[in-house]
Amino acid sequence: MTGIGSWLTRREFLTPDKEALVEGETRLTYKALNRSVNRLSRALQGMGLEKGDRIGILSTNRVEFVQLLMAAAKLGLMVVPLNWRLTPSELAFNLTDSGTETLFLDAALAELGKGLEGQVPLKRIVALGEPRVSGTDSYDELLASQSEDEPEIRSAPNLDSPHIIMYTAGTTGRPKGAVLTQGASFWNALNLNLAMDFTSADRDLLVLPLFHIGGIGLFTLPMLYVGGTVILQRTFDPARTLDLLRKEQISLFFGVPAIFLVLIQHPDFNADAFETVRLVMSGGAPLPVSL
């Protein structure tokens, strides 16, 4: 069986015009998403990245984050999601420990990225979004350098190929990098789809950070597997979340107890915000009965 990067190739064939990702004003169909990931894959190869190399992502929830996840899956690269709530010295440990030499940096986190100077021997930093970060390459220019007409890269990652190095919280010592294969994401998607009857009609609102396994596995990758739609929220904001729940016809929502508490305490909250939601999932901590 081929790796999870093949999901987008199949989805472009099966449902090319179906909405795959929504973030702000950006709306990508499965055809557009797969084509952009193919262009990104060629650009990453052009940067000299090879199977097994690590790429770090220090970013809020953005379309580019998902594109990088899937391009890495197509090439057999390993993604190191980085928690932007950490200090530069903490991030430096994760980057050094994982052997990451290429970093994709959200322009909104430029100051945090600047704090890494002199701490990590990075060979290349690519900035996501605007304003342009000094001393970095531009992600948009990287993508624009590749033609959409080129054939898709045919590499051979499979479900045994390592894909994500997810760092633990390190509450009793240094964080540890848990290596997750592409198969881990496949079985997670399959188990959730079977247990919760996900379909391509489902629309998931992602408020958890993509640097967390919850943001990736609940339910971003499972939605791409089944052909559903993921609506990305850069960072959690209760007013924006309630607005998106109503406007985007959300059917799936995952949160932690603190998120639900903030939502129901917000002045704009009422039951109609969840009118189209068919499934709510909570995790990360016990959910009080009262909540």
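Predicted model: local features only at pLDDT ≥ 70, side-chain atom pairs only at ≥ 80, totals over all residues.
Residues are numbered from 1 along each chain as its sequence is written, and side-chain values use heavy atoms, with hydrogens and water left out.

**Salt bridges**

- The whole structure holds 17 salt bridges (a side-chain nitrogen of Lys or Arg within 4 Å of a carboxyl oxygen of Asp or Glu).
- Glu19 pairs up with Arg203, with the closest N and O atoms 3.2 Å apart. That pair links strand β1 (residues 19-23) to strand β10 (residues 203-206), 184 residues apart; strands are DSSP runs of E, at least two residues, and helices are runs of H or I, at least four.
- Arg203 is buried at 16% relative accessibility, whereas Glu19 is partly exposed at 22% (buried is under 20% relative accessible area, exposed is over 50% and partly exposed is in between, using a 1.4 Å probe and protein chains only).
- Arg27 and Glu248 also form a salt bridge, at 2.5 Å from N to O.
- Salt bridges with shared partners join Glu19, Arg27, Arg203 and Glu248 into one network.

**Helix pair**

- The axes of α2 (residues 30-46) and α3 (residues 63-75) come within 9 Å and cross at roughly 65°; these axes are lines fitted to C-alpha atoms over the stretch in contact, with angles from 0 to 180 degrees between N-to-C directions.
- Contacts (heavy atoms within 4.5 Å) involve residues including Leu33 and Leu40 in α2, and Leu68 and Met70 in α3.
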